[in-house]
Amino acid sequence: MTESKESTVRLLITCPDQPGIVAAVSGFLHRKNANIIHSDQHSTDPEGGRFFMRNEFFLPGLDLDGLALLREEFATQVTDGFIMDWSLSPVWVPKKTVILCSRVDHALMELLWRWKRGDMRADVTMVISNHPDLRGSVEHFGVPFHHVPVGPTLRDKVHAEDTMMHLMEGQADLVVLARYMQVLTPDFVARFDRRIINIHHSFLPAFVGADPYRRAHQRGVKLIGATAHYVTEELDEGPIIEQDVIRVTHSHDIDDLKRLGADIERHVLARAVQWHLEDRVIVDGNKTIVFRR
């Protein structure tokens, strides 16, 4: 059973490093009678570096109205004197999550299974696919499924994305590409900046395009793996959240490589999504700071 997260808040901070940041934050929380449950921080350099912090704290009786007031007080009492990007997120409100997929189901099923077990704290509002194949599997979990076909032209793609954005209006704090085999337009990506997570195999950039496992097998690769990252306008170039690899040998055939690759993909994507949902990821330029457990 998932433990109660009522009145628990996560604070993320990014700012130039300088003395007094931790004291200012902890002093403010102490004055509010908040109990800090977890605290992590990182500095790239004590002189002229960047400072990153993640705090999770409990404030008895805090609700959404109280959180709005807390944000105002934090802005006036703490951020003065610091060039600070920050957020305060209520843990008791699961992030609304939309999953996009095509025909391949391994990454999608891993996410839905973890969500159904209560291991992934999210509000999965819908699954959208450009093919109807996985409708039954998705609806088995009690999740709405929407089939939005995508035609071959840019106009078709824009129309499909307009349909998806209409469906997702107010329903998507996070978008997960669980092997959604379509390239998103810059307008769609900008709409969900730093809130789209993708998964792909680790053969990039060596084996770009179709049938990468066959070409990797022909080259005799010894490592296969997966990368989960935030989506940007540059295809597969966004800030990396998580990666993993597994060794393979000459005894593995192409089907073995595909099976092992799918297994890594589903676990890497699930971890990346989990960390985003738990506010463990801070984007710093084109890389990330991940406060893992």
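How many residues lie between S2 and S3 in the hairpin that they form, and which residue in the turn has a positive phi? The views below come from a predicted model, in which local features need pLDDT of at least 70 and side-chain atom pairs count only at pLDDT 80 or more, while totals for chains, interfaces and linings use all residues. Residues are numbered from 1 along each chain as its sequence is written, and side-chain values use heavy atoms, with hydrogens and water left out.

**View 1. The hairpin of S2 and S3.** Six residues lie between the two strands of this hairpin, and Gly48 in its turn has a positive phi of about 80°. Strand S2 (residues 35–43) and strand S3 (residues 50–58) run antiparallel and are joined by eight bridges; strands are DSSP runs (E, at least two residues) and helices likewise (H or I, at least four), numbered from the N terminus, and two strands pair if DSSP finds at least two bridges between them. His42 has Phe52 in S3 as its bridge partner.

View 2. His38 has its place in strand S2 and is partly exposed, with a relative accessible area of 40% (buried means under 20%, exposed over 50%, partly exposed in between, with a 1.4 Å probe and protein chains only). Leaving aside neighbours within four places in sequence, His38 is in contact (heavy atoms within 4.5 Å) with Arg54, Asn55 and Glu56.

**View 3. The packing of H1 on H2.** Helix H1 (residues 21–31) and helix H2 (residues 64–77) pack at an angle of about 140°, with their axes 11 Å apart; axes are lines fitted to C-alpha atoms, for helices over the stretch in contact, and angles run from 0 to 180 degrees between N-to-C directions. Val25, Phe28 and Arg31 in H1 meet Leu70, Glu73, Phe74 and Gln77 in H2.

View 4. Seven strands form an open sheet in the order S7-S6-S5-S8-S9-S10-S11, with mixed pairing. Strand S7 (145–147) and strand S11 (240–247) stand at the edges with a single partner strand each, so one side of each is left without a neighbour in the sheet. Strand S5 (residues 96–101) and strand S8 (residues 174–177) pair in the parallel sense over four bridges, and Thr97 stands opposite Leu174 in S8. Helix H5 (residues 154–168) packs on the sheet, where H5 touches S5, strand S6 (123–129), S7 and S8, and the direction of H5 makes about 160° with that of S6.
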